[in-house]
Amino acid sequence: MFWGVVLFCVLSLRGALAQDVGALISKDIIERMLLHRNDANCNGKGFYTYDAFITAAMSFGAFGTTGNTNPRKKEIAAFLAQTSLETTGGWPTAPDGPFSWGYCFKQERGTPPDYCVANQQWPCAPGKKYFGRAGKAIGVDLLRNPDAVANDPVVSFKTALWFWMTPQRPKPSAHYVITGKWRPTGADLSAGRVPGYGLITNIINGGIECGKGSNQNMENRIGFYKRYCQILGVNPGVNLDCAKQTPFGQ
């Protein structure tokens, strides 16, 4: 009986290891996907490493491990695509195409808001920006030191993964959508919100990009996703845009 339990534990451990994100996406594949992230003109040069991504991903057991190979690959492609858009250094005529320049920058481009809603429980450090961070959830004090996201690549990936994995009502989590677990309500269907990659764009930036027809940011998110799916050898699926989706909360 004892050895039977031991064998079961060993087999379970092997199964868990087989589900590791690293089993699906090698360092060489990351190099192909994020081809120019270490370009001399990228301020994120040398920051976003393969090891940092895998280490962060292992803190979120369901990420890239849910379902069979296809949904697992799609989730990895979708996550990297959405975050690539936020950190891209590409342009329409960029070498190797605009969707080879994800993760060029360590922080969002332009002049984003500070994402800080001051209250007694979560006070904002003077002069700091928060960029949607979730320090308590990942065990890092980002209230006092929000710049850790730009200084520690594992923390950077973890904050993005926390947002990806965590539903924020009325929005489902991006993880729930890409793994096929989300089912639209009647209200969702009336608002054009259907399962697919486009709904993830709605979750992340729907108020700006969704329900407005075609727009460049939305199309670029799709461009990154299609390229990454092609590299991983998986079909991107349907409903890739949110052009006719009403943003959540409207």
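User: What pattern does the chain follow, read along the sequence?

Analyst: The chain of this predicted model reads α-α-α-α-α-α-α-α-α-α-α. That pattern goes with 11 helices and 0 strands.

User: What makes the phi of Tyr103 worth a remark?

Analyst: The phi of Tyr103 is positive, about 65°, although Tyr103 is not a glycine.

User: Which class does Asn239 fall into, and why?

Analyst: The class between buried, under 20%, and exposed, over 50%, is partly exposed. Asn239 has 35% relative accessibility and therefore counts as partly exposed. Asn239 also has a positive phi, near 55°, and is a residue other than glycine. Asn239 belongs to the segment after helix H11 (216-232).

User: How do you know which form the peptide bond from Arg169 to Pro170 takes?

Analyst: Omega of the bond from Arg169 to Pro170 is near 5°, and the bond is cis. Pro170 is in the loop between H7 and helix H8 (174-178).

User: How do H4 and H7 cross?

Analyst: The axes of helix H4 (residues 69-87) and helix H7 (residues 153-165) come within 11 Å, with a crossing angle of roughly 115°. The crossing of H4 and H7 is right-handed.

User: What makes the contact between the two helices, H4 and H7?

Analyst: Contact means heavy atoms within 4.5 Å. On H4 the contact is made by Glu75, Ala78, Phe79, Gln82 and Thr83, and on H7 by Phe157, Ala160, Leu161, Trp164 and Met165.

User: How do the residues of the contact of H4 with H7 divide?

Analyst: They divide into 7 nonpolar, 2 polar and 1 charged. Glu counts as charged, whereas Ala, Phe, Leu, Trp and Met count as nonpolar.

User: Which residues does UniProt list for the catalytic domain?

Analyst: An unreviewed UniProt entry lists residues 42-64 and 155-165 for "domain: Glycoside hydrolase family 19 catalytic". Residues 42-64 are 35% helix and 0% strand, with end C-alpha atoms 27 Å apart. Residues 155-165 are 100% helix and 0% strand, and their end C-alpha atoms lie 15 Å apart.

User: What share of the chain is buried?

Analyst: Of the 250 residues in the chain, 45% are buried. The accessible surface of the chain comes to about 12,900 Å², and carbon and sulfur atoms hold 56% of that surface.

Conventions: Residues are numbered from 1 along each chain as its sequence is written. This is a predicted model: local features need pLDDT of at least 70, side-chain atom pairs count only at pLDDT 80 or more; totals for chains, interfaces and linings use all residues. Side-chain values use heavy atoms; hydrogens and water are left out. Axes are lines fitted to C-alpha atoms, for helices over the stretch in contact, and angles run from 0 to 180 degrees between N-to-C directions. Helices (H or I, at least four residues) and strands (E, at least two) are DSSP runs, numbered from the N terminus. A crossing is left-handed if the near helix is turned anticlockwise from the far one by less than a right angle, and right-handed if clockwise. UniProt positions are given in the numbering used here, feature names are shortened, and annotations may be inferred rather than shown by experiment. Buried means under 20% relative accessible area, exposed over 50%, partly exposed in between (1.4 Å probe, protein chains only). Accessible areas come from the Shrake-Rupley method with a 1.4 Å probe; for residues, only the protein chains shown count as cover.
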